[in-house]
Amino acid sequence: MTEARSPFAPLRNRLFLAIWIAAMASNVGTWVQSVGEKWLMAELTRSPLLMSLIETGATLPMLILSMPAGAIADIVDRRRMLLLTQTWMLSAATAMAILSALHLVTPGVLISMSLLLGVGAALNAPAWQASVPDLVPKDQIAAGVALNSAGFNVSRAVGPALGGLVVGWLGPTWAFALNAVSFLGVLAVFKSWKRQPTTTDLPAERFSAAMKVGLRYTRHRTVLQIILLRGGGFVFFGGPIFSLLPTLAIHHLHLGSSAFGLLLGCTGVGAVTATLLLPALKARISPNQLLALATATFATGLLGLAFVVHAIPVALILLVCGGGWLTVLSTCNTGVQLSVPSWVRARALGVYITVWGGAMAGGAAFWGWVGEHRGIHTAFAAAGIGMWLLLAATARLKIQALDEPMDLSPHRQKPHAPESIHPDEGPILTVLEYLVPEDRKAAFQEAMREVRRIRIRDGAVRWSLFHDLAQPEPGQIRFVESFLSSSWGEHLRQHHRATVEDRAVFRRAYSMGVEASPRIRHLIGAWEDRDSLFDRIFD
C-alpha cells in the first residue's frame, strides 16, 4: 500500500493530526454531555417523546442553518468561522452547567439548551467538513474523511462510557462542565492554524447570491441528489437507534448510569471496528456495494431490537449497527466531497447536512411519537422494515464519484468581453451562434440539454436555445443559445466555476457544428421594462 493510499496517511500532516486529536477530545465532551442530558431527562419524565425531543433539539438546527452556514463558509475565512462557532458551543455548554448547578433545569430547559448547542454544531459542520481538502492532498481526501469519522466514533465509544461514570459519581452538572472544557483545545488549535487565503481576482460573492447558486447547483447535480436521497433516507429510518435507546435502556432494561453509558458506547466501538475493517472490505467490493451491505446490516439490527429484551443482545446489535452507521455516513460524506468542485463544496456539504439534520430531527420526533403510542419495539420494527424498503427502492442509484473518479479541477476560460465593466453592472446576456448540419440537428439538441444543465447549475438565471427559421446555407441550421447572468461579476464567476469535466461536455456540443467553436457575443442590460403588478396578474 502506497503512502498516499494508506488510511492513516493524513495523520502525517501535523496540523491535521492536531485538529483531529482536538476534535476527538471535543466530541468526547459532547457525548459526556449527551449522557448527562438524557439521564437528567429520564429522572424528570418517563415520556419517550420528551426523551426523543432532546435529539430533535440537537439536530433541528441542521435542517434550518446548515445551508446558510455552507454558503457563508464558501465566501468567508473558514478558520474564523470555526473559531466563532466553537466559542458559541463553549458558551452554551457553560450556561448548561451553571443552570444545572443552580437546580433550574426542566425538560423545556434541557431541550432548549440542546437546541442552542445544535445551532453551534449546524453552523460549524459545513466549514469543518469542507476544510479537509484544505489540510490534505486530493488523493487523501477519502482517508481524511474516514479518519474524521473514525475519530468521531472513537469519541462515541469513549464518551458515553466516561459520561456514565461522571454522571454516576459526580452528577450531570459535571458532565456539562466537562463538555465546556473540551472546546478549549479545539479553539487553541484553530487559533494556531495559519490558513492560506484563497486568492482570486473576482469580486466578493454576496450571501444571498451564494445561497441561490448553492441551491441551483444542487437542483441540477444528479450525482449529489442521489447522495442526499440515500443518506437522508438512511438517517430517518436509523434515527431510533439514538432517540429511543435511552428509553429502552433506562425504563425497559433498568440500567444504571454507568451501564447506560457503556451501552451508548457500543455504537462507537462498532464504528471504530468498522474503520479498521473498511480498507480490507473496500479491496474486495466496490464502495456502492459496501454502502448497500452496511444499510442492510443496519436494517437487520433495527429489526433485532424490536424483539430482544436483554442488555447483552442489545449491546451486540448496537456494535453491528455502529459499524453500519459509520460506513454509510462516511461513504456518503466522501461521495459529496468527490462529486462537487471546491468553489461550491461547503454549500453542497451544507445541503447534505441540512438533509441529514432534517431527517434526524424529523425521525426522532416521529419515532418518539410511534414509541409513545405504539411502543418502542413497534417503532424499531417499523424503522427496520422501512430501511429495507428504502434499500430496495434505491438499489439502482449508484454514487458515481465513488466508482468513477471525476475531474472537477477548474478549467478557466478568459471571458470574451472588456475587463473595464464594473462587477455590479448587468444583467449580462451571453449569446452563442452555432451552424449545425441538418443531419446532426437531433444529436446537437440532445447535447445542448447537458450544456443547459451546466449553465444553470453554475449561475445562469435563464437559458434558452432558438432555431433560426432562415437557412444560412443549404443543409445547415443556425442555432442561437442565450443565457442570462445577474451581473458581470456573476458572469466572471461562471467562467471560474467550469471544470475539466464540464469542458468535455461543451466540446462535444461544439464538435457537432460546422465551425470549431460558436460565435459569442455579450450584451449588457441598458433598460428593462418592468410590468406593473396589475399587468403581471392579468397578463
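User: Which residues in H2 meet which ones in H8?

Analyst: This is a predicted model. From H2, Met-67, Pro-68, Ala-71, Ile-72 and Ile-75 take part. Their partners in H8 are Phe-207, Ala-210, Met-211, Gly-214 and Leu-215.

User: How many nonpolar, polar and charged residues in the contact of H2 with H8?

Analyst: Nine are nonpolar, one is polar and none is charged.

User: At what angle do H2 and H8 pack?

Analyst: About 115 degrees, with the axes 9 Å apart. H2 covers residues 48–75, and H8 covers residues 207–219. Angles of 65 to 115 degrees count as roughly perpendicular, so that is how H2 and H8 lie to each other.

User: Is the crossing left-handed or right-handed?

Analyst: Right-handed, as H2 passes H8.

User: Switching to the largest nonpolar core. How many residues, and which have the most contacts inside?

Analyst: The core has 119 residues. Leu-263 and Trp-325 have the most contacts inside it. Helix H1, residues 14–44, gives the most to this core, with 13 residues.

User: What is Leu-263 in contact with, leaving aside neighbours within four places in sequence?

Analyst: Leu-245, Ala-249, Leu-253 and Leu-255, then Ala-311, Val-314, Ala-315 and Leu-318.

User: And what does the second core include?

Analyst: That one is separate and has 19 residues, among them Phe-444, Val-451, Phe-506 and Ala-509.

User: Last one. Where is Arg-519 found?

Analyst: In strand E4, residues 519–524. Beyond neighbours within four places in sequence, Arg-519 is in contact with Val-431, Leu-432 and Glu-433.

User: How far apart are the C-alpha atoms of Arg-519 and Val-480?

Analyst: They are separated by 9.5 Å, and the two residues are 39 residues apart along the chain.

Terms used. Residues are numbered from 1 along each chain as its sequence is written. This is a predicted model: local features need pLDDT of at least 70, side-chain atom pairs count only at pLDDT 80 or more; totals for chains, interfaces and linings use all residues. Side-chain values use heavy atoms; hydrogens and water are left out. Axes are lines fitted to C-alpha atoms, for helices over the stretch in contact, and angles run from 0 to 180 degrees between N-to-C directions. Helices (H or I, at least four residues) and strands (E, at least two) are DSSP runs, numbered from the N terminus. Angles under 35 degrees count as roughly parallel, over 145 as roughly antiparallel, 65 to 115 as roughly perpendicular and the rest as oblique. A crossing is left-handed if the near helix is turned anticlockwise from the far one by less than a right angle, and right-handed if clockwise. Contact means heavy atoms within 4.5 Å. Ala, Val, Leu, Ile, Met, Phe, Trp, Tyr, Cys and Pro count as nonpolar, Asp, Glu, Lys and Arg as charged, and the others, Gly among them, as polar. A nonpolar core is a set of buried Ala, Val, Leu, Ile, Met, Phe, Trp, Tyr and Cys residues joined through side-chain atoms within 4.5 Å. Buried means under 20% relative accessible area, exposed over 50%, partly exposed in between (1.4 Å probe, protein chains only).
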